[in-house]
Amino acid sequence: MFFMIGITQGKKDFEYDRLVICEHCGSYGRYQVFMTYMCLSLFFIPCFKWSRQYYVKTTCCDTVYALDPEVGKRIARGEDAEILPRNLTQVRAGYKSRIKRCEHCGFETREDFEFCPRCGKRFFT
Ligand SMILES: [Zn+2]
Ligand SMILES: [Zn+2]
């Protein structure tokens, strides 16, 4: 017998549509909830997943938190679980600079440009 066995690391995103005030940068943002896991595949069919870890990334400043797995599992099941600050452990601090968005062409940047690098119009800050 010949088995095709592969081990890969996977990532899965979940829906979490709540506006939150970021503890890190103080602006409004959203939590992007995702899970990483190791996956064993047999004949390219994923059949076993383990070491699931849940994370949250803020859309405002890209700060990454480890999420309490109990809350993560509830969100993964589609339940209306609320993420509280005590469920989060910061693993990576994000950038404090806000995203600048050009009102003319929609170009987004975190760099401190005064003029839009795409269309040349001045940014409103
Ligand atoms: Zn933030
Ligand atoms: Zn522009």
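Start with Val-56: leaving out residues up to four places away in sequence, Val-56 touches Tyr-31, Gln-32, Val-33, Tyr-65, Leu-67, Ile-83 and Leu-88. A contact here is a pair of residues whose C-beta atoms, placed from the backbone, lie within 7 Å. Val-56 also shows up in the largest nonpolar core, which has 13 residues; those with the most contacts inside it are Val-33, Tyr-55, Val-56, Leu-67 and Ile-83. A nonpolar core is a set of buried Ala, Val, Leu, Ile, Met, Phe, Trp, Tyr and Cys residues joined through C-beta atoms within 7 Å. Buried means 20 or more other C-beta atoms within 10 Å of a residue's own, exposed means 12 or fewer, and partly exposed is in between, with C-beta atoms placed from the backbone.

Where does this core come from? Strand S3 (28–42), strand S4 (45–58), strand S5 (64–67) and helix H1 (69–76) each put in at least two residues. S3 gives the largest share, four residues. Helices (H or I, at least four residues) and strands (E, at least two) are DSSP runs, numbered from the N terminus.

A word on what you're looking at. This is a predicted model, where local features need pLDDT of at least 70 and side-chain atom pairs count only at pLDDT 80 or more, while totals for chains, interfaces and linings use all residues. Residues are numbered from 1 along each chain as its sequence is written, and chains are lettered from A and ligands numbered from 1 in the order in which they are written. pLDDT is the predictor's confidence in each residue, from 0 to 100. The chain has a mean pLDDT of 88, and 93% of its residues reach 70 or more. Confidence is highest in S5, at a mean of 96, and lowest in strand S7 (residues 100–101), at 80.

Now the layout. There are one helix and eight strands in the chain, and from the N terminus on they run β-β-β-β-β-α-β-β-β.

| Strand pair | Sense | Bridges |
|---|---|---|
| S1 (residues 5–14) and S3 | antiparallel | 10 bridges |
| S2 (residues 19–21) and S3 | antiparallel | three bridges |
| S3 and S4 | antiparallel | 11 bridges |

S2 and S3 make a hairpin with six residues between the strands, where Gly-26 takes a positive phi near 80 degrees. The hairpin of S3 and S4 has two residues between them, and Phe-43 in its turn has a positive phi of about 55 degrees. Phe-44 lies in the loop between S3 and S4 and has a positive phi of about 65 degrees although it is not a glycine. Ser-51, in strand S4, has a positive phi as well, near 40 degrees. Most residues other than glycine have a negative phi.

Is Phe-44 buried or exposed? Phe-44 counts as exposed because it has 7 other C-beta atoms within 10 Å. Ser-51 is exposed too, with 9 other C-beta atoms within 10 Å. Phe-34, found in strand S3, counts as buried because 20 other C-beta atoms lie within 10 Å. Leaving aside neighbours within four places in sequence, Phe-34 is in contact with Lys-11, Lys-12, Asp-13, Phe-14 and Tyr-55. Phe-34 and Ile-75 are 41 residues apart in sequence, yet 9.6 Å apart in space, C-alpha to C-alpha.

Finally, zoom out. The domain assignment, which is automatic or from a database, gives domain 1 (5–94) and domain 2 (96–125). Their centres, taken over C-alpha atoms, are 29 Å apart. The C-alpha trace spans about 65 × 35 × 25 Å along its principal axes. The chain's radius of gyration is 19 Å, whereas a compact globule of 125 residues would have one near 14 Å; the radius is taken over C-alpha atoms, and the globule rule is 2.2 Å times the number of residues to the power 0.38. Of the 125 residues, 17% count as buried.

Key:
Contact = placed C-beta atoms within 7 Å. Pairing = 2+ DSSP bridges.
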